Amino acid sequence: MRIGFAGLGRMGAPMASNIAKRLPNAELTLWNRSADKAEALAKSLDCSVAASPKALSDTSDIVITMLADDPSSEIVHLAEDGLFQGSARTFVEMGTMSPSHIDILVKSGPNGARIVDAPVSGATQAAADADLLIMAGCNEQYGQDLKPVLKALGRKTVFLGRSGAGAIMKLAVNSMIHGINQTLAEAMSLAEAAGIPPEDAFDTIEQSAACAPMLRYRRPLYLDEVNHDVTFTVELALKDMEITAALADQLKSAMPQGHVTLDKLRAAQARGYGERDMAAMLDYMRKERP
């Protein structure tokens, strides 16, 4: 099996590494907008590097993309030297995209191509541990031959039946994650304003019925965000919530809490928090005054 992987950021690099380690018989080729990153990773994994997305497609049966947003995915797939100009016929987009973008990819793909949206839930450590939840926009039969690849990347794949459903479900999950992040920031700020030390406040929340798994594994970031590596930026959270709010409006689905979260992310972005980890919303809320 020849597998191409495009997009070697915080999530993509460990995911590509897991393909190399967990599918040793696969022929892996990498491409990244920053070529030096692809070359360094390829050297460590003993695999190949493609000079362009088209070249990646020409050397692959399956191409996996882990890209940041709709515009970057559009360029990589649809440009003159894009993936769709090559000879691959299976494309799996695992970034968080809008369902309308997935529809564009499906309609613009080469004749006979299979295009599957399969975004993931889980942070960088889950990507490194192949512990991601994968939400596939197809039925199980349609994705049957992709199962070994998906198993190399995640702990479970949920097949959601139709194209675009993976993208929609990922937005729904992320709206909850960003809402929990905002609520945690408010709860911690309230406790600290009353004189309760941050560590004691977080200990209590962590042991309560309100604790979600993401709060436990993100504890170091919430308590000392500036001294830890960024795993997911405020800017990306804002992108997620803007797409989600637009989808909710399109479907006439009420999302009042989501709009509050969106407003706070916009305000934090305007205050210079965009490149910081989303845990920095705690710092933002500490400084916000009614």
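These notebook entries record what I looked up in a predicted model of one protein chain.

**Entry 1: conventions.** I worked with a predicted model, in which local features need pLDDT of at least 70 and side-chain atom pairs count only at pLDDT 80 or more, whereas totals for chains, interfaces and linings use all residues. Residues are numbered from 1 along each chain as its sequence is written, and side-chain values use heavy atoms, with hydrogens and water left out.

**Entry 2: the chain as a whole.** I found 14 helices and nine strands in the protein chain; helices (H or I, at least four residues) and strands (E, at least two) are DSSP runs numbered from the N terminus. The radius of gyration is 20 Å, close to the 19 Å of the globule rule for 290 residues, so the chain is as compact as a globular protein of that length. That radius is taken over C-alpha atoms, and the rule is 2.2 Å times the number of residues to the power 0.38. The C-alpha trace spans about 60 × 45 × 35 Å along its principal axes. Of the 290 residues, 51% count as buried (under 20% relative accessible area; exposed is over 50% and partly exposed lies in between, with a 1.4 Å probe and protein chains only). I also noted that, of the contacts with a separation of 6 or more, 65% are between residues 24 or more positions apart; contact means heavy atoms within 4.5 Å.

**Entry 3: aromatic pairs.** I counted three aromatic pairs. F84 and F91 form an edge-to-face pair, with 4.9 Å centre to centre and 75° between the planes. Rings of Phe, Tyr and Trp (its six-membered ring) pair if their centres lie within 6.5 Å, and planes under 30 degrees apart count as stacked, over 60 as edge-to-face and the rest as tilted. F84 is buried at 9% relative accessibility, and F91 is buried at 1%. The ring centres of Y273 and Y284 are 5.7 Å apart and their planes stand at 85°, so this pair is also edge-to-face. Y273 lies in the loop between α13 (256–270) and α14 (281–287) and Y284 in helix α14, so the pair ties together parts eleven residues apart in sequence. Y273 is buried at 4%, as is Y284 at 3%.

Entry 4: G272 lies in the loop between α13 and α14. G272 counts as exposed, at 57% relative accessibility.

Entry 5: Strand β5 (residues 90–93) pairs with β6 in the parallel sense over four bridges; strands pair if DSSP finds at least two bridges between them. T90 stands opposite R114 in β6. From β6 (residues 114–117), R114 and V116 point one way and I115 and D117 the other, and all are buried. R114 lies over the face of Y142, 5.8 Å from the ring centre. The charged end of R218 sits over the ring of Y222, 5.7 Å from its centre. A charge sits over a ring if NZ of Lys or CZ of Arg is within 6 Å of the ring centre and within 35 degrees of the ring normal.

**Entry 6: the three-stranded sheet.** I traced an open sheet of three strands in the order β7-β8-β9, with mixed pairing. β7 (120–121) and β9 (154–159) are at the edges with a single partner strand each, so one side of each has no neighbour in the sheet. Two bridges join β7 to β8 (residues 132–136) in an antiparallel run, and V120 has I134 as its bridge partner in β8.
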